[in-house]
Amino acid sequence: MAGDKVDVKVLMAHEMETGLRKDAKGNLVPPHFIRNVTVTHGGKTVLSAQWGTSVSRNPFLHFRFKGGKAGEKVTITWMDNKGEKRTDEAVIAVPA
Amino acid sequence: MKTILSPAVAAVLIAGCATQLSDDEARQRAERVFRETFTHGNRQMAARVDQQDEAQALCSLYRNDPPREIAAKIEQTQAATLRYPTSGKLMGDWRQGEKIAQDGYGMRFTDPDPKRPNGGNCYNCHQIAPQEISFGTVGPSLYRFGKLRGNAEAIQKYVYGKIYNSEASLACSNMPRFGHNGVLTEEQITHLVALLLDPDSPVNK
Amino acid sequence: MRIERVLAGLLAVILPCAAPAQQDTQKGIERYRQLLAEGNPADLWEARGEQLWKTPRGPKNVSLEQCDLGLGPGVVKGAAARLPRYFPDTDRVQDIESRLATCMVTLQGFKPEEALRNPFSAPGRHSDMEALASFVAAESKGMKLDVPIRHPKEIEAFRIGEQLFYRRAGPYDFACVSCHGENGKRIRLQELPRLTDPGDAQKIFTSWPAYRVSQGTVRTMQHRLYDCYWQMRHPQMDYTSEASIALMVYMAKYANGGTINAPGLKR
Amino acid sequence: MDAKRREVLKTGGGVLALAAAGIIRPGEALAQEWNKAAFETKSVAETVKALGGSGSTPSSAIEITAPDIAENGAVVPVAVESRLPKTQAIAILIEKNPNTLSAEFDIPSGTDPFVSTRVKMGETSNVYALVIADGKYFHAVKEIKVTIGGCGG
């Protein structure tokens, strides 16, 4: 069995600062944004993305891949321009 | 038994009183609560909202629907505040008028620069030039205002007066009294008159 | 609102209301909202709020799990659907936020000023209150709003809120009713709910807290009122003030019966 | 990663992951490629070049799903689906933004040639979906109007 098509929706908590916004004192806030997003499943990359500053704050990502089975893990990692990194895992749900 | 019962009776009585809180009592309590809710920041601003003027107080009291004689009184006193430009010129530059109509800046507690002129917020409530698709509908559409009415002096005076003090012609209008309340200057109002009445304004194209 | 009745003669032409494009604009905006509904970033706040709720914090190092939100200590399911309400221990009518602050003080040992210090987030600065309120509201998702207006203090709050709703003041002459007194009106492209119409009120009141795309964060009902007064050119509304809660009770009277759909997603 | 939440919020063969606020730590190895030059481009033609193409051809096999009007430019939903065989990458370009390229996605085999995300738009602009398929460059374009919302500035 090839497994199901998996619908992946991700929300990420991140400011996604453009570097163009000024703070209350009128100083430019330095850019701070996610540059890379990688999604893996079973050791295989199922999506990799490069982002600029114009991806919206608290980014949303939706895509689909084939071959995932209920109960298996999907790993999502992002890294921003300051080198901060975060990895989350989600389990593929049992089809309704 | 009596001693146990009496507090319950008392409670019922209190509840009875509260449900019968008269409008005047409710209003007095609301005034106190209102004054207690803006204790931070700019005191001048707080003083200005604490103290309603006559029109504000009457319109609040009658929920913007005053009886005919009260409405007439409001319109009379508000008409007496109308001041037309000393230059006699009522129509300014529609291009500047468009900018003022778009601009929502001014008089909020976070607005820092007192040197920047206040905006008029006109598009928030009115359709004006057709190019701006993001317009409000709280007020009537002003699209083609001058096209339909011309720009004779009488209509210029009417528009100027409406912006200066809307309640001079309509008691308890939802529209701020921009001139009377010191939101917009005489000159700014003449630019808005032009936006609505100048044949070259996009409003009338 | 009353119609223009003094325009006799001079300005008798009533304009056709809007250009034909208006319909398309409205459809475009609806489509925009429909596409956004696919993922609500408020879910992130809800999740963080749940974590905050369950994590021992404060000088007493206890969680908020035993907080009494009106249905008894530890009952969070359905509590938001009955707020604001009167609480005998504080002798006040309290909303979600004011009650959460009470629990932070009584259960966790925070000072009152600490509990109320950071209600509204700013870029780079989270607000625990926004997260906690999102979680608490979400725990009533799908339930019917049933705010009690029975206790004398609840009734008094309603009466005060009613007065405040119509109170015009400031350089713009605005009251709440200036924008929320008629059906089918808009500011720019945003529909304005008529808050005394159950049809509108039931949809609106029940969708706060909400993620506001224009602000990139979740905002609470307290912030909604604070922001309204800001737009009304009033001074800064005190957080959890009696007036703010009175206005909520007034709105809740018309919103009761609506289904909780919080945290919502708004412009 | 101790304060991490692992929850599956949606059923039906899908996952909804919340990469929520929590413990963040500087990344270790995992040096990842980021095409700085491409993200600094100021026009569609420059971006295509920076992504390795010499030009691109319009294609009706690329579908952009986005609103005609955005209520707020800070969050504009844009989805791109390609029906071009051997789609390798999808990029989203916003012509009138200070920097044209917004996002680029590599699509390995087994992944649908479809992505949906949200972008910031400074003003009304054409939005381009650029697709690299079988080594060739194709695009579709859609105008999205950005309106002034709320009570205005």
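I began with strand β4 (residues 60–68) of chain A, which two bridges join to strand β9 (residues 114–119) of chain D, the two running antiparallel. I noted the terms at once: helices (H or I, at least four residues) and strands (E, at least two) are DSSP runs, numbered from the N terminus. Two strands pair if DSSP finds at least two bridges between them.

Before going further, I recorded that this is a predicted model, in which local features need pLDDT of at least 70 and side-chain atom pairs count only at pLDDT 80 or more, while totals for chains, interfaces and linings use all residues. Residues are numbered from 1 along each chain as its sequence is written, chains are lettered from A and ligands numbered from 1 in the order in which they are written, and side-chain values use heavy atoms, with hydrogens and water left out.

**Entry 1: strand β4 of chain A**

Which residue of β9(D) is the bridge partner of A:H62? I found D:S116 in that place. I then looked up the pairing of β4(A) with strand β1 (residues 4–12) of chain A, which is antiparallel and extends over eight bridges.

**Entry 2: a sheet in chain C**

I turned to an open sheet of three strands in chain C, with the order β6-β5-β7 and mixed pairing. Its edge strands are β6 (217–219) and β7 (264–266), each of which pairs on one side only. The twist from one strand to the next averages 35°; for such angles, axes are lines fitted to C-alpha atoms (for helices over the stretch in contact), and angles run from 0 to 180 degrees between N-to-C directions.

I checked how β5 (residues 210–212) meets β7(C): the two run parallel and are joined by three bridges. C:R212 stands opposite C:K266 of β7(C).

**Entry 3: loops of chain C**

I looked up two cis peptide bonds. One joins C:W208 and C:P209, with omega about -5°, and C:P209 is found in the loop between α8 (198–205) and β5 of chain C. Another joins C:A262 and C:P263, also with omega about -5°, and C:P263 is found in the loop between α10 and β7 of chain C.

I also noted C:D91, a residue other than glycine with a positive phi, near 55°. C:D91 has its place in the loop between β1 (85–87) and β2 (92–94) of chain C.

**Entry 4: where chain C meets chain B**

How many residues of chain C are in contact with chain B? I recorded 57, against 76 residues of chain B (contact means heavy atoms within 4.5 Å). The two chains bury about 6,100 Å² between them, 55% of it on carbon and sulfur atoms; buried area is the accessible area (1.4 Å probe) that two parts lose on being put together, summed over both.

Side chains of opposite charge can pair when their charged atoms come close. A salt bridge is a side-chain nitrogen of Lys or Arg within 4 Å of a carboxyl oxygen of Asp or Glu. By this rule I found 41 salt bridges over all chains, and seven across the interface of chain C and chain B.

I looked up C:R159, which forms a salt bridge with B:D23, the closest N and O atoms being 2.8 Å apart. C:R159 lies in helix α6 of chain C and B:D23 in helix α2 (residues 23–35) of chain B, so the pair joins two chains. In the salt bridge of C:E242 with B:R32, the closest N and O atoms are 4.0 Å apart.
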